[in-house]
Amino acid sequence: MNAGPVSFPDRDTVADKLSAFGEADQAFIRLLMENPEQDDRLLEGLYRYLDIASEARYLNSLKLDKLGQWLGNEAPARLQMRLMEAARASQHPAYQAFRTGLTKSGGLERAFPKA
């Protein structure tokens, strides 16, 4: 019985890092963003984190806004469009708070400047 290779980090690990978001967690996410091969893992974890936040009893929109700003400022240009797609994946207030922070960061505009 071969289950196939285990991918690390899995989406739950990334979601946990985004949720805790201390200095060590930020360093982990920065390291993840350095490797284009990890982009899918990062985004799967982000979707998982946003889904968990949207199901939470209390919405911490300030935390989601700050995460959006941080990712918008830290993520390389290749990820900016995919981050915005994730932010627009739902009309839930959790996604809207993340999108607000992402927009404030100006990361998408830096990655794709208007002519």
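Axes in this tour are lines fitted to C-alpha atoms, for helices over the stretch in contact, and angles run from 0 to 180 degrees between N-to-C directions. Helices (H or I, at least four residues) are DSSP runs, numbered from the N terminus.

The structure is a predicted model, in which local features need pLDDT of at least 70, side-chain atom pairs count only at pLDDT 80 or more, and totals for chains, interfaces and linings use all residues. Residues are numbered from 1 along each chain as its sequence is written, and side-chain values use heavy atoms, with hydrogens and water left out.

**Stop 1: α5 and α6**

Select α5 (77–87) and α6 (93–105). Their axes come within 8 Å and cross at roughly 150°. That makes α5 roughly antiparallel to α6; angles under 35 degrees count as roughly parallel, over 145 as roughly antiparallel, 65 to 115 as roughly perpendicular and the rest as oblique.

Next, display the side chains of the contact (heavy atoms within 4.5 Å). From α5 come L83, M84, A86 and A87, and from α6 come Y95, F98, R99, L102 and T103. By class these residues divide into 7 nonpolar, 1 polar and 1 charged. In this division Ala, Val, Leu, Ile, Met, Phe, Trp, Tyr, Cys and Pro count as nonpolar, Asp, Glu, Lys and Arg as charged, and the others, Gly among them, as polar.

Centre the view on L102, in helix α6. Is L102 buried or exposed? L102 has a relative accessible area of 3% and is buried; buried means under 20% relative accessible area, exposed over 50%, and partly exposed in between (1.4 Å probe, protein chains only). Leaving aside residues up to four places away in sequence, L102 touches G68, Q69, G72, L83, M84, A87 and G107. For a distance check, select N60 as well: L102 and N60 are 42 residues apart in sequence and 16 Å apart in space, C-alpha to C-alpha.

**Stop 2: α3 against α6**

On the α3 side, the contact involves L46, Y47, L50, D51, A53 and S54; on the α6 side, A94, Y95 and F98. The contact of α3 with α6 has 7 nonpolar, 1 polar and 1 charged residues.

Within α3, select A53. This residue, A53, has a relative accessible area of 13% and is buried. Its contacts, not counting residues up to four places away in sequence, are L59, L64 and A94. A53 and R30 are 23 residues apart in sequence, with 21 Å between them in space, C-alpha to C-alpha.

**Stop 3: α1 and α2**

Move to α1 (residues 11–20) and α2 (residues 23–34), which pack at an angle of about 135° with their axes 8 Å apart. That makes α1 oblique to α2. Here α1 contributes T13, V14, K17, L18 and A20 to the contact, while α2 contributes D25, F28, I29 and L32. By class, the contact of α1 with α2 has 6 nonpolar, 1 polar and 2 charged residues.

Select F21, in the loop between α1 and α2. Most residues other than glycine have a negative phi. F21 has a positive phi of about 55° although it is not a glycine. At 17% relative accessibility, F21 counts as buried.

Q26 touches F21 and W70, not counting residues up to four places away in sequence, and is buried, with a relative accessible area of 18%.

Q38 counts as buried at 17% relative accessibility. Beyond residues up to four places away in sequence, Q38 touches F8, P9 and L32.

**Stop 4: the largest nonpolar core**

Which of its 30 residues touch the most other members? They are I29, L46 and L71. Each of α1, α2, α3, α4 (61–74), α5 and α6 supplies at least two residues of this core, and α3 gives the most, with 6 residues.

End on I29, which touches V14, K17, L18, L42, W70 and L71, not counting residues up to four places away in sequence.

Note on methods. Core = buried A, V, L, I, M, F, W, Y, C linked by side-chain atoms within 4.5 Å.
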